[in-house]
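Open your viewer and get ready to click through a few selections. We will go from one stop to the next, with a note on what to look for at each.

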Amino acid sequence: MIEVKNLVKRFEGFTALDGLSITVPTGAVYGLVGPNGAGKSTLIRHLAGIYRQDGGEVLADGEPIFDNPAVKRKIAYIPDEIFYYTQATVLDMMRFMREVYPSFDAACFEKLGEAFALDTKRPMRKLSKGQQKQAAFWLALSQRPQIVVLDEPVDGLDPVMRRQVWSLLLSDVAERGTTVLVSSHNLRELEDVCDHVGIMNRGKMLLEHSLSELQDNVVKIQLAFAEDTALPDDLTILHQSRTGRLQQLILRGRADETSARLALLNPLFLDVLPLSLEEIFIYELGGAEHEVKDIVL
Ligand code: ADP
Ligand code: MG
């Protein structure tokens, strides 16, 4: 379990994380989403034990992460920008990791080799960016970590390899109850793999929910009336568009309750549509980002 409580991080007076709290339950796959500059990488570097916080707590299984080798051994981290020692090959990195992480499993490394078509004797810097990412996944999974922290992990991977790494990661979660936190701007990708989602913006958590809760909180409805009909004004409409008679509404609330209320208005047509994570993200962030859109040049 990962717990972050009121985390504050400042860079030369700029507040990158502003009292941020998040909880990732054991065995969860938690997707962290947010626009560029939201503070995702900064948060993740605290979870990897790289940054010391200016305030608040950063805990793994109840223990502080920073400067705590016993806790850091349980954590695998794949950074957004991958770094390897210049001359190091995959095999060199494997030997290095084996020394650093007691849980590193050489047999597992062997076995996973089938999934990754990489030349283990080539210096890493001669591998493509995508191949370096593959190597990072290979090494991270072989570490047999209890917690996996991934910063935009599938950037640079081809579609086949993306599916491959998600499948390896999710089967690890299923078999060993690994806890995963993954940041991405690719919401569609997170939708398929995550069971929890946190949306952050400007160093704060905007909302944090399980995916099913999120989908229960916002609803997309298409409806048409025979004549102009006013909607009840206590409904919270996040977005409204119209094509002829057909209206599309994004509303806050539960699908069953909201559609039952609208059905009372006797529409000609009423349908509840599935909402993608991307739509939830856009409409939840809509308010917070409003000032950006209002800038007039
Ligand atoms: P994200 O990963 O969500 O795109 P980051 O965590 O990288 O965002 O950055 C959050 C904010 O903190 C940005 O405004 C960024 O400019 C600032 N920031 C990040 N790292 C540093 C640093 N080392 N020094 C100064 N400012 C930083
Ligand atoms: Mg980042």
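Select Leu139 to begin. Leaving out residues up to four places away in sequence, Leu139 touches Tyr84, Val90, Met93, Met94, Met97, Phe104, Phe109 and Met124, where contact means heavy atoms within 4.5 Å. A word on what you are viewing: this is a predicted model, in which local features need pLDDT of at least 70 and side-chain atom pairs count only at pLDDT 80 or more, while totals for chains, interfaces and linings use all residues. Residues are numbered from 1 along each chain as its sequence is written, chains are lettered from A and ligands numbered from 1 in the order in which they are written, and side-chain values use heavy atoms, with hydrogens and water left out.

Now show the aromatic rings. How many aromatic pairs does the structure hold? There are six, counting rings of Phe, Tyr and Trp (its six-membered ring) whose centres lie within 6.5 Å; planes under 30 degrees apart are stacked, over 60 edge-to-face and the rest tilted.

- Phe104 and Phe109: the ring centres are 6.3 Å apart and the planes at 40°, so this pair is tilted. Phe104 is buried at 8% relative accessibility, and Phe109 is buried at 3%.
- Phe116 and Trp138: the centres are 5.8 Å apart and the planes at 20°, so this pair is stacked. Phe116 lies in the loop between helix H4 (106-112) and H5, and Trp138 in helix H5, so the pair ties together parts 22 residues apart in sequence. Both Phe116 and Trp138 are buried.

Select these four together: Phe104, Phe109, Phe116 and Trp138 form one aromatic cluster.

For the last stop, pick Lys9, which lies over the face of Tyr51 at 5.1 Å from the ring centre. The rule here asks for NZ of Lys or CZ of Arg within 6 Å of the ring centre and within 35 degrees of the ring normal.

Methods: Buried means under 20% relative accessible area, exposed over 50%, partly exposed in between (1.4 Å probe, protein chains only). Helices (H or I, at least four residues) and strands (E, at least two) are DSSP runs, numbered from the N terminus.
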